[in-house]
Amino acid sequence: ESFRNPYRTLIASNKDGIYSFELDSLDVWTWINMNLSFQKLGGIEVPNIMEEMLVEVDDSVHVKLKPKRGMFFSIEDGYNNNIPMLRDNWDATFSGRGATKYEVLWKIKQLNEGARRTDLMKGMIGNNVVNSIKLQFQLRDESLLILDTYKSKLNPNTYKLLELQVMGALGYELGR
């Protein structure tokens, strides 16, 4: 939340489909959000194709986003000039130093906001607060299982921080 945390806005221009920027003098863990400012739904910007992605000192990550047609549509089909607006309508691949963090966080965010969430909700009878809480715990457990498959590829401090990020997301959702 920008009013509670220091933040910086970086803007990159499209150069043959590539957006590039550098985070100078990064000396602590930092989280980034990435959005495409031209994406609007009903005239309102739809932010954050990627959000709360952990960046560490010396990371050099290449992100490739590829639009896909999926089952998740908004009332305006979730597209702006055939470019998807919703995270579920993007495929993403990551490469470079530090890319493993992005890969695992992307998978976790896809799980928590995508088809798996919908499947779990369909399996619950009734729309009540208990089911909502069960859903959040189920998604947390599955997120931690995904994270655990990457444990050997992450340094222990990074793994622990990502684990805490997953747990914090649960707390945030339950608090809502």
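Aspartate 58 counts as exposed, because its relative accessibility is 56% and anything over 50% goes in that class. This residue is found in the loop between β4 and β5 (60-67), and its phi is near 75°, a positive value in a residue other than glycine. Keep in mind that you're looking at a predicted model. Here's the rest of the tour, topic by topic.

**Another positive phi**

- Where does glutamate 52 lie? You'll find glutamate 52 in strand β4.
- Glutamate 52 is partly exposed, because its relative accessible area is 42%, and that class runs between 20% and 50%.

**The overall layout**

- The protein has four helices and eight strands.
- If you walk along the sequence, the pattern goes β-β-β-β-β-β-β-β-α-α-α-α.
- How much of the protein is buried? Of the 176 residues, 31% are buried.
- Take the contacts between residues at least 6 apart in sequence: 57% of them join residues at least 24 apart.
- The protein's accessible surface is about 11700 Å², and carbon and sulfur atoms account for 52% of that.

**Inside the nonpolar core**

- The largest nonpolar core has 23 residues, and the ones with the most contacts inside it are Met50, Phe94, Tyr102, Trp106, Leu147 and Leu162.

- Searching the whole structure turns up two aromatic pairs.
- The ring centres of phenylalanine 94 and tyrosine 102 are 5.7 Å apart and their planes sit at 40°, so this pair is tilted.
- Why does that angle count as tilted? Planes under 30 degrees apart would be stacked and those over 60 would be edge-to-face, so 40° falls in the remaining class.
- Buried or exposed: what are phenylalanine 94 and tyrosine 102? Both are buried.
- Together with Trp106, Phe94 and Tyr102 form one aromatic cluster.
- Not counting residues up to four places away in sequence, phenylalanine 94 touches Met50, His62, Val63, Ala99, Tyr102, Glu103 and Trp106.

**A buried lysine**

- Lysine 101 has its place in helix α1.
- Lysine 101 counts as buried because its relative accessible area is 2%, and buried means under 20%.
- Which residues is lysine 101 in contact with, leaving aside its neighbours within four places in sequence? They are Leu54, Glu56, Asp59, Leu154, Thr158 and Leu162.
- One of these contacts, Leu162, is also listed among the core residues with the most contacts.

**A nonpolar patch on the surface**

- Ile133, Phe137 and Leu174 form a nonpolar patch on the surface, and together they have about 230 Å² of accessible area.
- Phenylalanine 137, one of the patch residues, has its place in helix α3 (residues 129-149).
- At 32% relative accessibility, phenylalanine 137 counts as partly exposed, whereas phenylalanine 94 is buried.

Conventions
Residues numbered from 1 in each chain as written. Predicted model: local features only at pLDDT ≥ 70, side-chain atom pairs only at ≥ 80, totals over all residues. Heavy atoms only, no water. Helix = DSSP H or I, 4+ residues; strand = E, 2+ residues; numbered from the N terminus. Buried < 20%, exposed > 50% of the residue type's maximum accessible area, 1.4 Å probe, protein only. Contact = heavy atoms within 4.5 Å. Areas by Shrake-Rupley, 256 points an atom, 1.4 Å probe, with all protein chains shown as cover. Phe/Tyr/Trp six-rings, centres within 6.5 Å; stacked < 30°, edge-to-face > 60°. Core = buried A, V, L, I, M, F, W, Y, C linked by side-chain atoms within 4.5 Å. Patch = residues over 30% accessible without salt bridge, like charges linked within 9 Å, V, L, I, M, F, W, Y side chains within 5 Å. Salt bridge = Lys/Arg side-chain N within 4 Å of Asp/Glu carboxyl O.
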